Amino acid sequence: MICAAIASEAVAAISVDKIDPPYWWAGMRDTSLQLQIHGNDIRGAEFSLSYPGVTVDSVARLDGSPDWQFVYLNISPEAKPGTMKLEWKSGGQTVSRDFELKSRRPMRGAQGFSAADVLYMVMPDRFASGGGKHPGAKQLKNASKTDRSNPNARHGGDLKGIADHIDYIDSLGVTALWLNPVLENDMPGGSYHGYATTDYYRVDPRFGTNEEYAQLTDSLHDRGIKMVMDMIFNHSGSHHPWALDPPASNWFNHQGDYQQTNYRLSTITDPYASEYDKDLTVNGWFVESMPDLNQKNPHLMKYLVQNSIFWIEDAQIDGIRMDTYPYADLVEMGKWIDAVKAEYPDFNIVGECWYGSPAGEQFWQTGSAVAAAKGIDTRLPVVMDFPLSILCADLKPFKVDSQSWNGINELYDHFALDYVYADPMNVLRFLDNHDTDRFILEKPENLDAWKQAIALLLTVPGIPQLYYGTELLMNGSKQRSDGYVRLDMPGGFKGDKENQFAASGRDALQNEAYDFIAAINNWRKNSDAIGKGDMKHFMPTNGVYLYRRKYGPEEVIVILNGKDEDLSVDMSRYAEIIPEGAVYTDILGGSTKVLRDGNRPLAVGARSTGIFSRVAPDAGK
């Protein structure tokens with residue numbers, strides 16, 4: 001009987017295995033702090049602390065597993081940095097843990113991003129390996145070996161590999177780095193892409209450490225490059241402790257009754273949609289390995305809000321890209337944005353809203369007239385221009401054929417629809433990303449069409465995003481599997497036969513592509529007309545698409561010849577934006593040029609791309 005009693009007491013013993021967040025800061029605007037406690041049978045334990053300026057507001061004990069407890073603290077503005085002792089008591093047992101309240105370091109991050117930036121999107125597992133050891137990976141329960149022969153396995157890229165190639169990123173002229181998720185994905189199969197989080201407060205140890213992530217961000221800031229963090233609040237990984245042992249009966253949508261989403265975002269805005277279809281869209285699971293989080297649970301949502309604040313403060317990131325934004329709860333995600341912007345007013349957020357038309361995209365951007373008419377304000381600052389990516393797939397509008405000018409007209413029609421957006425400058429423009437085919441399906445023989453697509457992306461209104469490898473003419477389709485559009489950067493890994501991070505390792509066409517992107521990117525850094533200016537374009541005639549960007553005295557003229565023949569262009573129709581005899585600098589060629597010279601036609605080469613800039617001497621008169 002004595003042995004049985006001892007065994008019973010051992011089972012009932014409480015423990016505190018993990019506290020989220022791991023630490024916090026004094027002097028934050030929001031004085032409320034949630035501590036999520038995980039440990040054996042901790043739910044019913046009595047909690048206490050004694051620390052000047054910090055009081056216990058409440059303790060939440062939810063109806064799920066007994067191994068979770070949620071403590072809410074009030075941290076007054078007078079609270080000083082230091083270490084507080086947290087205590088739990090149950091059945092005569094006391095467990096204590098230290099919790100640090102840190103001093104805030106000077107903020108270099110939280111700068112936000114804008115149309116003046118160019119985002120460079122990188123999948124950490126596929127970019128480069130720093131060649132170092134990652135001892136923390138031994139703690140993972142589902143860590144799989146790297147296998148670069150398998151396009152869908154882990155390949156071993158890490159944060160040090162990215163840090164080792166900052167010179168390369170900087171020379172490309174991009175001003176913000178967007179990494180696919182870097183947080184722990186301790187999932188069977190490896191989850192190399194990062195979209196099945198198992199710990200929201202820990203960088204995946206196969207990539208490195210939290211400290212290395214913050215150091216990388218600091219190094220980027222030293223170069224004037226911002227960091228954008230990819231986050232996922234719609235779902236977690238199926239091996240997250242929440243999924244294995246849910247804190248509440250409603251922590252997940254369709255908890256205990258797996259329902260897969262229908263992936264039909266149109267149901268959210270469809271005036272005729274059934275409630276059944278809407279529920280399946282928003283509350284269905286993305287896939288079985290990614291259980292759908294219920295943002296309506298206030299304890300979960302507080303956790304997610306704090307998690308964003310933590311990474312902004314700790315790693316000093318500048319922006320967030322939120323995955324699968326419309327699949328999460330619209331109202332609660334709006335509150336999340338409010339909380340982040342209240343703490344960091346200059347911060348910016350882009351949400352992945354995957355629609356085939358601008359009508360679908362615009363609904364989600366803050367200030368949408370359509371949403372406002374329904375009494376809705378999503379408060380999402382930036383939406384993604386998936387329709388442009390779809391339109392430009394396989395260079396369709398730029399194909400070299402006798403009817404190619406029709407494709408140029410499609411581009412004109414696309415941008416003519418920008419009136420639907422509350423703020424076209426806060427639309428993320430891109431040609432491809434990790435979820436789409438590469439925008440070129442095979443390596444081209446020449447770059448004429450490719451250059452037109454790149455120049456368009458980097459000079460129209462909005463925030464341009466480049467996918468890593470575009471500058472090296474990476475190509476391919478995801479038809480076989482996603483891994484084929486997420487290939488390794490040649491030279492980023494031990495044993496690579498080619499090092500395309502160096503000009504000497506690239507062929508002539510790749511160097512031409514890299515130099516073309518770098519030239520435009522480095523020029524546009526100092527162009528207010530591109531970063532802030534309005535746009536006026538002319539309906540394409542005979543295959544020529546011409547538009548102007550203007551801000552103050554600076555004017556930029558872009559001319560794309562969508563035909564595979566030299567043209568003599570009558571410039572009189574452009575008189576309202578191109579003054580007679582005005583001298584422009586050819587951004588790509590370096591020479592000067594008069595674009596409208598009396599009745600002389602302008603010679604425009606076959607498939608040519610022209611970017612011309614001037615500062616008007618009579619501006620403001």
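What you have open is a predicted model, where local features need pLDDT of at least 70 and side-chain atom pairs count only at pLDDT 80 or more, while totals for chains, interfaces and linings use all residues. Residues are numbered from 1 along each chain as its sequence is written, and side-chain values use heavy atoms, with hydrogens and water left out.

**Stop 1: a partly exposed pair**

Asp164 and Lys160 form a salt bridge, with 3.1 Å between the closest N and O atoms (the criterion is a side-chain nitrogen of Lys or Arg within 4 Å of a carboxyl oxygen of Asp or Glu). Asp164 is partly exposed too, at 43% relative accessibility. With that cut-off the model has 37 salt bridges.

**Stop 2: Arg429 and its two aspartates**

Now jump to Arg429. One partner is Asp385, in a salt bridge whose closest N and O atoms are 2.7 Å apart. Arg429 sits in strand S17 (residues 427-430) and Asp385 in the loop between strand S16 (382-384) and helix H13 (386-392), so this pair ties together parts 44 residues apart in sequence. Helices here (H or I, at least four residues) and strands (E, at least two) are DSSP runs numbered from the N terminus.

Next, show Asp418. Arg429 forms a salt bridge with Asp418 as well, and here the closest N and O atoms are 2.6 Å apart. This link also joins distant parts of the chain: Asp418 is in the loop between helix H14 (404-416) and S17, and the two residues are 11 apart.

Buried or exposed: which is Arg429? Arg429 is buried, at 1% relative accessibility. Asp385 is buried at 0%, and Asp418 is buried as well.

**Stop 3: around Glu352**

Select Asp230, Arg321, Asp323 and Glu352 together, and you have a network of salt bridges. Then center on Glu352, in the loop between strand S15 (348-351) and helix H11 (358-362). Glu352 is buried, with a relative accessible area of 6%.

Which residues does Glu352 touch, leaving aside those up to four places away in sequence? The list includes Arg321, Asp323, Thr324, Tyr325, Phe386 and Asp435, where contact means heavy atoms within 4.5 Å.

A polar atom of the Glu352 side chain lies 2.8 Å from the backbone nitrogen of Thr324. Thr324 is found in the loop between strand S14 (319-322) and helix H10 (330-343), and is buried at 3% relative accessibility. Check its backbone: Thr324 has a positive phi of about 40 degrees without being a glycine. Most residues other than glycine have a negative phi, and most peptide bonds are trans.

**Stop 4**

Go to Ala110, another non-glycine with a positive phi, about 55 degrees. Ala110 is in the loop between strand S8 (93-102) and strand S9 (119-122), and is buried with a relative accessible area of 9%.

Then pick Asp20 and Pro21. The peptide bond from Asp20 to Pro21 is cis, with omega near -5 degrees. Pro21 belongs to the loop between strand S1 (18-20) and strand S2 (24-25).

**Stop 5: cysteines**

How many disulfides are there? The count is 0, taking a disulfide as a pair of cysteine sulfur atoms within 2.5 Å. For Cys353, the nearest cysteine sulfur is that of Cys392, 19 Å away. Cys392 is in no disulfide either. Cys353 is buried at 0% relative accessibility, and Cys392 is buried at 0%.

**Stop 6: a six-stranded sheet**

Finish with the open sheet of 6 strands, ordered S19-S20-S21-S26-S23-S24 and paired antiparallel (two strands pair if DSSP finds at least two bridges between them). Strand S19 (534-541) and strand S24 (592-594) are the edges, each with a single partner strand, so one side of each has no neighbour in the sheet. Neighbouring strands are turned by 25 degrees against each other on average, direction ignored.

Zoom in on S20 (residues 544-551) and S21 (residues 554-561), which pair antiparallel over 8 bridges; Leu546 stands opposite Ile559 in S21. Now show helix H15 (residues 448-459), which packs on the sheet, touching S20, S21 and strand S26 (609-615), with its direction at about 35 degrees to that of S26. Axes are lines fitted to C-alpha atoms, for helices over the stretch in contact, and angles run from 0 to 180 degrees between N-to-C directions.

How values were computed. Buried < 20%, exposed > 50% of the residue type's maximum accessible area, 1.4 Å probe, protein only. Polar contact = N/O pair within 3.5 Å; in protein donor to acceptor, adjacent residues only side chain to side chain.
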